[in-house]
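Welcome, and thanks for taking a look at this one with me. Please keep the view open and turn to each residue as the text reaches it.

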Amino acid sequence: MSDSSLPFELAQEYGVVIVGEEGATLLAATAPHMTLATLAAARERLGKPLRPTAVSHDEFALKLRTAYSGAARVEALSRGSPTASQLPAESRNVIDAEDLLAQASAADAPAVRLLADLLRNALAQGASDIHIDATETGARVRFRIDGVLRDVETIDVSLHAAMIARCKVMANLDIAERRLPQDGRLQVLIAGRRVDVRVATLPTQHGERAVLRLLDTAAAALDFNVLGMPQEIQSALRDAVRMPNGLVLVTGPTGSGKTTTLYAAVSELDRATLNVVSVEDPVEYALDRVAQTQVNPRIELTFARALRSILRHDPDVIIVGEIRDKETAEIAIQAALTGHLVLASLHTNSAGAAVTRLVEMGVEPYLLASCLRGVLAQRLVRRLCVKCATAAPPTREEKALLNAHKIAIPEKLYAPRGCEACGDRGYRGRFGLYRWLPLTSDMSRAIHERARDTEFEALASAQGFATLATGAAPALARGDTSLSEVLRVVSI
């Protein structure tokens, strides 16, 4: 936000947002509710002539969001740190329906303003998490952007304690409990965008640390094409999720986009004629015509207990956010065998390991072989910035790496450089690498024989199913990502 801009709450009230300058004149977009009186008030406050352009409500909301989401930091945040006597009053300032940008005014306590500013800047930069790490002298704030943490701020020790307290208040946690981990959830408005925030605190040597996970529902990509999934895998996955029954697994480590893929698969279903029920931890995005249940261990609402109840609700499709234990696995398998389609995620490092993991949990191999339709393995890689990526023929060392991973050698390899557009990171955004393994007769036989995951992988390769690494060849050739990025997230 420049010096020639109105405060957010006034821009929203007046229906006037400054979008540029032309000499001494300010260019403004105006909403339908703007009147001549409010335009005159805006001119008087700014002290400059305005050239208004009328836009629709939706266009105005977008321009308002764009202008203020990445607003400059509030000056002198570290001045006047709140004392213990100030915390109760601060604790009553819970963020609810009021927009966070409107709340974070100069009159607020520094911890309130700092946290509000961190949230909106994280959203503007596309961060998925905010880490507030306790240190000996205060705290270090980092954003996770495109899967990689980056330092953005250091704060004083006195302000750190107030910020953690503020996080707890927002998430309805016990502000006095500093010895035990806590977790909660809240919803805020940031420049008109409704964002879910998961808050987790943890006591450490130098004080409490907090992690805030941002779930921006407006940014959710629930389409296979947007996710970067190859057409042949899209087709195979669509066929699998349109079957009347069976088990479809999505695998990968934490943060590989498994939940988003499950949601995208659900969007392919005719939910008007199907009863779709999910059990998740947590419910990340609200899905239309899907009954979503969130587990709650505090009241013993586990995946297994929720699944048992779901089976009494006449479901056609069941979504299991994660198979974590034998009981959940057995109920999911029985549901798939008794006429339900079950879509589930599993934390494994390869598609082949998904089968052995379930068998090791105690699932009978013959039951798994009878209901499994296929396994999707995936990873997220960073996308190279189109404005600054550099290209060069692969070096001898790079060719050796490509050969070791059985990746087709392209004419050129692309690498990050860094520019203003990408924040000097060299990357902007992420997309998926995928591997689909259908249940062939040979794989079914291997399940019965309790084959190890390495044997499954060898069998899949022999049958022509590309690994995650070999499947990255087209993306490398197009310049979508770099070789170093592919090797960072996949293994041979």
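## A tour of the model

At 0% relative accessibility, Cys371 counts as buried, where buried means under 20% relative accessible area, exposed over 50%, and partly exposed in between (1.4 Å probe, protein chains only). Cys167 is buried too, with a relative accessible area of 1%. A search for disulfides across the whole structure comes back with zero; a disulfide here is a pair of cysteine sulfur atoms within 2.5 Å.

This is a predicted model, in which local features need pLDDT of at least 70 and side-chain atom pairs count only at pLDDT 80 or more, while totals for chains, interfaces and linings use all residues. Residues are numbered from 1 along each chain as its sequence is written, and side-chain values use heavy atoms, leaving out hydrogens and water.

### The whole protein

Let us step back for a moment. The protein has 492 residues, and 49% of them count as buried. Its secondary structure comes to 18 helices and 18 strands; these are DSSP runs numbered from the N terminus, with helices being H or I over at least four residues and strands being E over at least two. Of the contacts between residues at least 6 apart in sequence, 64% join residues at least 24 apart, a contact being heavy atoms within 4.5 Å.

### Two helix pairs

Two packed helices are described by the angle between their axes and the distance between the axes. Axes are lines fitted to C-alpha atoms, for helices over the stretch in contact, and angles run from 0 to 180 degrees between N-to-C directions.

| Helix pair | Angle | Distance between axes |
|---|---|---|
| α10 (residues 303-310) and α11 (residues 326-337) | about 20° | 8 Å |
| α12 (residues 351-361) and α16 (residues 453-462) | about 140° | 8 Å |

How do these angles read in words? Angles under 35 degrees count as roughly parallel, over 145 as roughly antiparallel, 65 to 115 as roughly perpendicular, and the rest as oblique. Helices α10 and α11 are therefore roughly parallel to each other, whereas α12 and α16 are oblique.

The crossing of α10 and α11 is left-handed, and that of α12 and α16 is right-handed. A crossing is left-handed if the near helix is turned anticlockwise from the far one by less than a right angle, and right-handed if clockwise.

Which residues make up the meeting surfaces? On the α10 side they are Phe303, Ala304, Leu307 and Arg308, which meet Glu327, Thr328, Ile331 and Ala332 of α11. In the other pair, Ala351, Gly352, Ala353, Val355 and Thr356 of α12 meet Asp453, Phe456 and Glu457 of α16.

### Residues worth a visit

Start with Ala162, in helix α7 (residues 157-170). Ala162 is buried at a relative accessible area of 3%.

Leaving aside neighbours within four places in sequence, Ser444 is in contact with Ala369 and Leu439.

Thr25 sits in strand β2 (residues 25-30), and its relative accessible area of 19% makes it buried. With neighbours within four places in sequence set aside, the contacts of Thr25 are Gly20, Pro49, Leu50 and Arg51.

Now for the loops. Met243 lies between α8 (231-241) and β10 (246-251) and is partly exposed, with a relative accessible area of 34%. Not counting residues up to four places away in sequence, Met243 touches Leu341 and Arg373. Met243 and Arg373 are 130 residues apart along the chain, with 8.9 Å between their C-alpha atoms.

Finally, which backbone angles deserve a check? Glu300 has a positive phi of about 60° although it is not a glycine. Glu300 lies in the loop between β12 (290-294) and α10, and is exposed at 56% relative accessible area. Asp424 has a positive phi near 65°, again in a residue other than glycine. Asp424 is found in the loop between β17 (413-415) and β18 (427-438), and at 56% relative accessibility Asp424 counts as exposed.
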